[in-house]
Amino acid sequence: KDSKLASTAGGGLVLLQTATASNSSELLFDNFVDNSTYVSYKLYIDEIIPTVDGQAPYFIHRSSTPADITGTYYRSGWWTSMYNPGGGNSQFYTNGADTNFTRTATSLGTGTNENLSCIIDIFPNNDSQLIKMINHNIFKQASGHMYVALDGSILETSTQMAGIKITMQSGNISSGKFRLFGVKG
């Protein structure tokens, strides 16, 4: 682990791991959860682009084994248009559920300037059986539409979260920069 203090000593964000995607089938951040030091985690993703057009990023919680944590990942959220050449398009979505992963509300493309940047807040199941994740994202689609969105997900499990895996719905992660921080308590 690369561990650097991102703010003043004794508090703030601590850089735990970094990665840069280059036609990567997955990115793994394993065994970073330290309940005695951090209250939560922030994953910064800048300009993630898939190798296959129209694919969503998938997020899979990991155990200390390390192995994927399976189960039903519940999610909901909203997105709102910043620029939509065909007219306004904003929406809430509820009661989303995926088996063995969670995802963003949008699919990403491979065209010029199509990408997604986001900040993900991760709350591992420190004192309960709920792994919680909030994804604040901003993106542009092939149609020229630009959006800001928020997705939330919860996985109810007795398995302690220790890491996270990022993949694409299909194909690989063409590019993107990833920075994982611990939030000191």
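On a 1 Å grid over the protein atoms alone, a cavity is a set of points where a 1.4 Å probe fits but cannot get out, and its lining residues have an atom within 4 Å of a point. Grid points are joined across faces, edges and corners, and a volume is the space filled by probe spheres set on the points. This is a predicted model, in which local features need pLDDT of at least 70 and side-chain atom pairs count only at pLDDT 80 or more, while totals for chains, interfaces and linings use all residues. Residues are numbered from 1 along each chain as its sequence is written, and side-chain values use heavy atoms, with hydrogens and water left out.

The structure holds one cavity of 30 Å³ or more. The largest cavity has a volume of about 40 Å³, and its lining consists of Phe 59, Thr 102, Arg 103, Met 133, Ile 134, Asn 135, Asp 151, Gly 152 and Ser 153. Two or more of the lining residues come from each of β8 (102–103), β10 and β11; strands here are DSSP runs (E, at least two residues), numbered from the N terminus.

Met 133 is found in strand β10. Why does Met 133 count as buried? Its relative accessibility is 4%, and buried means under 20% relative accessible area (1.4 Å probe, protein chains only). Leaving aside neighbours within four places in sequence, Met 133 is in contact with residues including Phe 59, Thr 102, Asp 151, Gly 152 and Ser 153, where contact means heavy atoms within 4.5 Å.

Strand β10 (residues 130–140) runs antiparallel to β11, and eleven bridges join them; two strands pair if DSSP finds at least two bridges between them. Within this pairing, His 136 stands opposite Leu 150. The two strands form a hairpin with five residues between them, and Gly 144 in the turn has a positive phi of about 95°. Strand β11 also pairs with β6 (residues 72–83), in the antiparallel sense over ten bridges, and there Ser 81 has Tyr 147 as its bridge partner.

The last stop is the largest nonpolar core, which has 40 residues. Such a core is a set of buried Ala, Val, Leu, Ile, Met, Phe, Trp, Tyr and Cys residues joined through side-chain atoms within 4.5 Å. Phe 29, Phe 32 and Phe 178 have the most contacts inside it.

Technical notes. Buried < 20%, exposed > 50% of the residue type's maximum accessible area, 1.4 Å probe, protein only. Helix = DSSP H or I, 4+ residues; strand = E, 2+ residues; numbered from the N terminus. 1 Å grid on protein atoms, 1.4 Å probe; cavity = no way out; pocket = protein on both sides within 12 Å on 5 of 7 lines; lining within 4 Å.
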